[in-house]
Amino acid sequence: MKLVSASDIEPSVDLVTLGQRLRHLRKSRGITLEQLSASVGRAPSQLSLIENGKREPRLSVLQAIAAALGVPMQDLLRPEAPSRRAGLEIELARFQQSPAYAALGLPSVKAGRRLPADALESLIGLHRELGRVLTEQSATPEVARRANAQLRADMRQRDNYFAEIEAAANKVLLSVRHTTGPLSQRGILDIAAQIGFSLHYVNDLPASTRSVTDLKNRRIYLPQVASGKGHDPRAVVLQTLGHFVLGHADPAGYGDFLRQRVEVNYFAAALLMPERFAVDFLAAAKADRALAIDDFRDAFGVSYETAAHRFTNLATHHFGIPVHFARVHETGIVYKAYENDNVRFPADVTGAIEGQPVCRKWASRTVFEAEDPYSSFYQFTDTTAGTYWCTVHVESTRAGEFSVTVGTPYEHARWFRGGDVTGRTVSTCPDPDCCRRPPARLVDSWSGNAWPSARVHSHLLAALPPGTFPGVDNRDVYDFLDRRA
């Protein structure tokens, strides 16, 4: 005959709670373990294991215990703790069984009668705070999207111009007597020395890092070979130095981590494309009605994306030109974007745009259908928010092709090369009839007869690894520094 366990009757029963209820009922009736043992025909050690939540009792044993205590068996199976003290003891036991606590390598505290109530309360408070901090550091997709949305709103409010970072970058340039044009490699070495760091190029950086800084010995370790992911090796150095120039402390959470990343990216661009020279260059191009991200890129020897970002820093503040920027995958998915020109990027309920598909009529997507998508591409798009002019550049990466778009409202197109383009599309998104809903002919033919297997953008769904610096393996970093020390 098959024996039935308590979990067969009530799958949600928690063994720790069951044990606490059993102990509470036994003691409230003045019954010892030995007396209960004699009544139910089980050894005291077995009953002790049940009371401590370490053994799942059989149904027959539970029935015998309930009869011996003079209570209905359902009283033993109730999910709530029998008292506040018992509830705290249950909570402590659960905390101490968690992987997060086990990772600390600390001994467990037995929450018996000898543990004072204030000590138990204190332990519970510490465990709750530990859980809160770990939850905050492990950014779920929703946390990450909300943090991105808030950061983008902050950037929009200041037109993506950070006066304090511009001032910090200018101060650094003056300290190394940089007086004209783009920043050279020699200038970067001088800046590192001025801040008190030496640069070391190595071939064994931890895989989760782009650089590692040894604060003890004031060394910055960088890869010998560029990563191939579009990172300018000069920018990596300057971003690292930016943390120290801007006085960053360890990020307190994912939002703080994102803010610091934006700030050091801005700092690096402000050094590679110094404000004074960049503004002079753009002013001359605007006077000729020939603003072009390509020319801006070539004048300072940076990547197209860096030039596009830097343009958004300066265009509105210095020239009154509102702009938007977008980096969009060939599948139409937004990877990053910024706007202060009222363009309406698709967004989810949190206000985040990362991972959303842009309209098929937008230049960010139509560029991939062009005869030569790698040449300069311009387009006007009539949208529900107004007409926008865009210039687009396509870059190839290991993750596929991406379009990098800079756009502005119709009335400002006259300042740009390509502002007289005749190419024009009409977008009525978010109306599903614009580009989301299939034509009726295709619906009639294929509705109910298609079952696609979706390619999931896992990086947009996965929780970010917890830690002071999300995604970085601290053991690899410390092992690396120990080898190099």
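Q: Which residues aside, how many residues does the hairpin joining S6 to S7 pass through?
A: The hairpin from S6 to S7 passes through 2 residues. Strands here are DSSP runs of E, at least two residues, and helices are runs of H or I, at least four residues, numbered from the N terminus. This is a predicted model, where local features need pLDDT of at least 70, side-chain atom pairs count only at pLDDT 80 or more, and totals for chains, interfaces and linings use all residues. Residues are numbered from 1 along each chain as its sequence is written, and side-chain values use heavy atoms, with hydrogens and water left out.

Q: How many bridges join S6 to S7?
A: Two strands pair if DSSP finds at least two bridges between them. S6 (residues 377-383) and S7 (residues 386-397) run antiparallel, joined by 7 bridges. Tyr-378, for instance, has Thr-391 in S7 as its bridge partner.

Q: What joins S7 to S8?
A: A hairpin through 2 residues. S8 (residues 400-409) runs antiparallel to S7, with 10 bridges, and Phe-402 in S8 stands opposite Glu-395.

Q: Which residues touch the most other members of the largest nonpolar core?
A: In soluble globular proteins, nonpolar side chains tend to be buried together. A nonpolar core is a set of buried Ala, Val, Leu, Ile, Met, Phe, Trp, Tyr and Cys residues joined through side-chain atoms within 4.5 Å; buried means under 20% relative accessible area (1.4 Å probe, protein chains only). Of the 63 residues in the largest core, those touching the most other members include Leu-238, Leu-291 and Phe-311. Helix H14 (residues 254-272) gives the most to this core, 9 residues.

Terms used. Buried means under 20% relative accessible area, exposed over 50%, partly exposed in between (1.4 Å probe, protein chains only).
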